[in-house]
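Please look through the sequence and the model shown here before reading on.

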Amino acid sequence: MSIKENLLKIKSSLPENVTLVAVSKTKPVADLLEAYNTGQRIFGENKIQEMTEKWEQMPKDIQWHMIGHIQTNKVKFMAPYVSLIHGVDSLKLLEEINKQAIKNNRIIDCLLQIHIAEEETKFGLNEEELKELLASESFKNLINIRIVGLMGMATFTENQSQIKKEFIHLKSIFDNYQQLKTENCQINTLSMGMSGDYQLAIACGSTMVRIGSSIFGGR
Ligand SMILES: *Cc1c(COP(=O)(O)O)cnc(C)c1O
């Protein structure tokens, strides 16, 4: 099936309240344009340099989401245009994003990444760290960033009940913080689910899915 057919099929299967991020990492601009011409306006990339090159070449009404792990010294390259940063997991990184947002006279939306998987290798905050971060004075002073939600990745496994357990866990943390509304924090987006597990993620309460290979093919 073509990118257009894949995209239309997935879009028609998503509930209205679920946002689709088309994950285009490693794919050429021609592939992104096919998705764009099918109506897709939100693209996800995991490398800042690659995303910036594509931003320069693609139409300007696209919302670019950074979904990968972020090196502090590269934040400045995406600060002028990035629409949402998914993988934020430290105060230090938030401080750098805030600093670069000020330079660009912007408020940059971020999701805090929560560690829900069993693997040690996946990045993210645990519940205690999340609580401490949101309660800290340093965080409250960062007024050029806005935390709009949480993001998580399940363990890489075939075990559906394991994945489901992790998604339900993340949803429960999300529910705990949805009431919290401050100047720089309004948690209402839950980014969870990829090609292999997005239907399960939606059933568990996801409001944003990040889908790559099911749209663009394998990498
Ligand atoms: C690559 C990637 C995805 C998309 O993965 P697919 O399995 O191709 O859908 C989603 N989220 C993150 C964080 C990724 O790095």
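In this predicted model, tryptophan 64 has a relative accessibility of 1%, and because buried means under 20%, this residue counts as buried. Its partner in an aromatic pair is phenylalanine 43, which has a relative accessibility of 0% and therefore counts as buried as well.

A pair of aromatic rings is described by the distance of the centres and the angle of the planes. For phenylalanine 43 and tryptophan 64 the centres are 5.8 Å apart and the planes stand at 35°, an arrangement described as tilted. The pair links distant parts of the chain, since phenylalanine 43 belongs to strand S2 (residues 42-45) while tryptophan 64 belongs to strand S3 (residues 63-66), 21 residues apart.

The structure holds 2 aromatic pairs, and another pair is formed by tryptophan 55 and tyrosine 81, whose rings are stacked, with 4.2 Å from centre to centre and 5° between the planes. This pair, too, links distant parts of the chain: tryptophan 55 lies in helix H3 (residues 48-57), whereas tyrosine 81 lies in the loop between helix H4 (75-78) and strand S4 (84-88), 26 residues apart. How exposed or buried are these two residues? Tryptophan 55, at 24% relative accessibility, counts as partly exposed, while tyrosine 81, at 9%, counts as buried.

The table below sets out the geometry of the aromatic pairs.

| Pair | Centre to centre | Angle between planes | Arrangement |
|---|---|---|---|
| Phenylalanine 43 and tryptophan 64 | 5.8 Å | 35° | tilted |
| Tryptophan 55 and tyrosine 81 | 4.2 Å | 5° | stacked |

Turning to the whole molecule, the protein chain has 10 helices and 9 strands. Its radius of gyration is 17 Å, close to the 17 Å that the globule rule gives for 219 residues, so the chain is as compact as a globular protein of that length. Along the principal axes, the C-alpha trace spans about 50 × 40 × 30 Å.

Of the 219 residues in the protein chain, 52% count as buried, and the accessible surface of the chain comes to about 10,600 Å², with 50% of that area belonging to carbon and sulfur atoms. Among contacts between residues at least 6 apart in sequence, 59% join residues that are at least 24 apart. Finally, the chain carries 25 positive and 26 negative charges, and the mean positions of these two sets are 4 Å apart.

Key
Residues are numbered from 1 along each chain as its sequence is written. This is a predicted model: local features need pLDDT of at least 70, side-chain atom pairs count only at pLDDT 80 or more; totals for chains, interfaces and linings use all residues. Side-chain values use heavy atoms; hydrogens and water are left out. Helices (H or I, at least four residues) and strands (E, at least two) are DSSP runs, numbered from the N terminus. The radius of gyration is taken over C-alpha atoms; the globule rule is 2.2 Å times the number of residues to the power 0.38. Buried means under 20% relative accessible area, exposed over 50%, partly exposed in between (1.4 Å probe, protein chains only). Contact means heavy atoms within 4.5 Å. Accessible areas come from the Shrake-Rupley method with a 1.4 Å probe; for residues, only the protein chains shown count as cover. Lys and Arg count as positive and Asp and Glu as negative; His and the chain ends are not counted. The place of a charge is taken as NZ of Lys, CZ of Arg, CG of Asp or CD of Glu. Rings of Phe, Tyr and Trp (its six-membered ring) pair if their centres lie within 6.5 Å; planes under 30 degrees apart count as stacked, over 60 as edge-to-face and the rest as tilted.
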